[in-house]
Amino acid sequence: MRTIKDIGEFGLIELIRKRLRHTKGVIKGIGDDSAVISQFPGKLQLLTTDTLVENIDFKMKEASPEQVGRKLLSVNLSDIAAMGGVPKYSLLTLGLPAKTSMSWLNRFLKGFLSLSARYKVKLIGGDLSNSGTLWTSLVLIGMIERKNCVYRCGARPGDDIFVTGSLGGSILGKHFDFKPRLNEAREIIKRFHPTSMIDISDGLIQDLRHIMEESAVGADVFASAIPISDAARKLSRIDKRTALMHAMTDGEDFELIFTAKSSSVKSIPKKIAGIRISRIGTIHNNNRELSLFDSEEKKKKFLLSKSGYKHF
Ligand code: ADP
Ligand code: MG
């Protein structure tokens, strides 16, 4: 019997995507960090959703209820950031075992609502269900000026590839307490005029591949230019995988990868809104091929396997 494990997460998304037809007013359906619809002149509406499931995305013993509430909002904020947008409204769904303590629920709401207030996101509805395992899902609605919206599909040969912050080892803590790059994304749009953008949820290489797929381009990445986090180095000492490998493949960093025309960034700022910006590679027209070199001089080529976090 064929199961969803056989076709995998991305195969499953493709299967659904193939069944859909183009709809007027839908600027971007499946295939980006948020869906984009056109409703007001000059403005676009962004819609995104993400789910956290107990024992898959978090463990009760390891994550405080406040952390789960904050993460649910933050992962969605990160998808709005990846388009360059401003978050506005949310719909919250809770699947709760009847035995869930009121204390857990109140603390979850405290985490979720206090972070919502900080980002000026208004909860406007949702749904509830009894469930065997605890899970929670959020729909987040944002806005963006039409001219500023950045998709995964705009990368062009000759563009440079950039990444914010430093990468790897998020499992040591950052995956629960990260700052979605909303302000940075707005600043990046002003300073870089990016041709494409995505947030890192599955891992640098995997998410760069999403840009390559949607833009039908290839990429050269320079290993020595990849910003490696302290957490990646720490994890590398524990599990003996290299820190570089962690920086390239660990999921849930929630930093941004973006591409920009070399000519549109005459002097590359080292920081944007206080966050480090690194130029890690270039886009080429060798369709969907990703090569990893030691440095821009391309003296040594590394082998790359298809890696990054995937469900199923
Ligand atoms: P992200 O990691 O940025 O949240 P995902 O990898 O979850 O993105 O999803 C990739 C694309 O597939 C998105 O455009 C998303 O809306 C779409 N997608 C994911 N799951 C489904 C589904 N069950 N039905 C329709 N579209 C889906
Ligand atoms: Mg995303």
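Me: Why is Phe-258 called buried in this model?
Reply: The model is predicted, and in it Phe-258 has a relative accessibility of 0%. Buried means under 20%, so Phe-258 counts as buried.

Me: What makes Phe-192 and Phe-258 an edge-to-face pair?
Reply: Their ring centres are 4.9 Å apart, with 75° between the planes. Centres within 6.5 Å make a pair, and planes over 60 degrees apart count as edge-to-face, so Phe-192 and Phe-258 form an edge-to-face pair.

Me: Which parts of the chain does this pair tie together?
Reply: Phe-192 lies in helix H4 and Phe-258 in strand E10, so the pair joins parts 66 residues apart in sequence. Phe-192 is also buried, because its relative accessibility is 0% and the limit is under 20%.

Me: How many aromatic pairs does a search of the whole structure find?
Reply: The search finds six.

Me: Why is the pair of Phe-178 and Phe-254 called stacked?
Reply: The planes of Phe-178 and Phe-254 lie at 20°, and the ring centres are 4.1 Å apart. Stacked requires planes under 30 degrees apart, so this pair is stacked.

Me: Where in the chain are Phe-178 and Phe-254?
Reply: Phe-178 is in the loop between strand E7 and helix H4, and Phe-254 is in the loop between helix H7 and strand E10. They are 76 residues apart.

Me: How do you know whether Phe-178 and Phe-254 are buried or exposed?
Reply: Phe-178 has 8% relative accessibility, and Phe-254 has a relative accessible area of 3%. Under 20% means buried, so Phe-178 is buried, and so is Phe-254.

Note on methods: Residues numbered from 1 in each chain as written. Chains lettered and ligands numbered in written order. Predicted model: local features only at pLDDT ≥ 70, side-chain atom pairs only at ≥ 80, totals over all residues. Heavy atoms only, no water. Helix = DSSP H or I, 4+ residues; strand = E, 2+ residues; numbered from the N terminus. Buried < 20%, exposed > 50% of the residue type's maximum accessible area, 1.4 Å probe, protein only.
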